[in-house]
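I am opening a notebook page on this structure, to write down what I looked up and in which order.

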Amino acid sequence: MAAPPAQGQGEVSRGRGFGARLLQSLVDGVQFGVIIAVTAVGLSLLFGTIHLINFAHGEFVTIGAAFAFFLNVSAAGPGWHLIPAAAAAVVFGALLGAAVDRGLWRPLRARGTGLINLFIVTIGLSLLLRHVVLVLFGARPASFAQYDIQNAIRLGAIGITPRDLTVTLLSVAVLVGVAVLLQRTRTGTAVRAVSVNRDLAEASGIDVQRVVLVVWILSGALAALGGVFYGLVEIITWDMGFKLLLLMFAGIILGGLGSAYGAMVGSLVIGIVAQVSTLWFPVDLQYAWALLVLIVILLVRPEGILGRPERTG
């Protein structure tokens, strides 16, 4: 799904020179990239700690947006303002992540289920959750009650709505918070240790199961928050997370599998390339050019931008 210009940005962009349009595309790309990064970081942490490629992660994104919509707009909901509705959606996403780990993945890991089998289970879970959302939410696109239509403000050559600026700054703040969590807390140190060497971390006294649970909680919360952000700047649909999933995987692979910081950098590159490409090529091809950049970079650096080279043989 292409990212349409924010309300008022089309008027701002028309009639400007190439330099101004390039600057606008860069700003739009940064906004798109940091939203992808918020959703992708949890997916990357999951792969780093338990080597699980979670195809259902996109549905966590959709569920976060749909739950906030229910609290904010739905006639059956309480009609909360978007801010408390978004906060409740993040908590719901965290609880969903914990429930999925305790109820599904932990028993499967205890039985010694192989990674390929787990991967297939994630595909089945993805299909199940996606169609549950379709039944409950419906196929009609929708939007939140607040911050829907806004005029763009001018910051020099850039046009951006207060909503989009706020979402971008909040996304950056969330990513910085995740970095601080990983670098400056005991929990973050334990997560990094498990990611580097699970067996050594367990031998050193780290409760690996607890670390995995924390990662699932963080992954679910970030996915739900990213879903709210994405639904706010674009629109809410029953398959929005599935459409975003390919870009999340692209950002993770580009940045380096299992690296949270790599996921941030890779997602930012994917978002910028996707938006800047629309200056020369049709909007329908913007994701294709982003994936082409992924292929080219991996040909030069197979481990990704921030990935660690692996020894073979």
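I began with overall size: at 313 residues, a compact globule would have a radius of gyration near 20 Å, and the protein has 19 Å, which agrees; the radius is taken over C-alpha atoms, and the globule rule is 2.2 Å times the number of residues to the power 0.38. The model is a predicted one, in which local features need pLDDT of at least 70 and side-chain atom pairs count only at pLDDT 80 or more, while totals for chains, interfaces and linings use all residues. Residues are numbered from 1 along each chain as its sequence is written, and side-chain values use heavy atoms, with hydrogens and water left out.

Along the principal axes, I found that the C-alpha atoms fill a box of roughly 65 × 50 × 35 Å.

Next I looked up the elements, and noted twelve helices and two strands, taken as DSSP runs (helices H or I, at least four residues; strands E, at least two) and numbered from the N terminus. Their order from the N terminus is α-α-α-α-α-β-β-α-α-α-α-α-α-α.

I then turned to burial, where 48% of the 313 residues count as buried, meaning under 20% relative accessible area with a 1.4 Å probe and protein chains only.

Last I followed helix α11, which covers residues 260-276. Its buried residues include Ala260, Gly262, Met264, Ile270 and Val276, and among the elements that cover the buried residues of α11 I noted α2 (18-50), α6 (162-184), α10 (240-255) and α12 (286-300).

Terms used:
The expected span of a helix is 1.5 Å times one less than its number of residues. Buried means under 20% relative accessible area, exposed over 50%, partly exposed in between (1.4 Å probe, protein chains only). Contact means heavy atoms within 4.5 Å.
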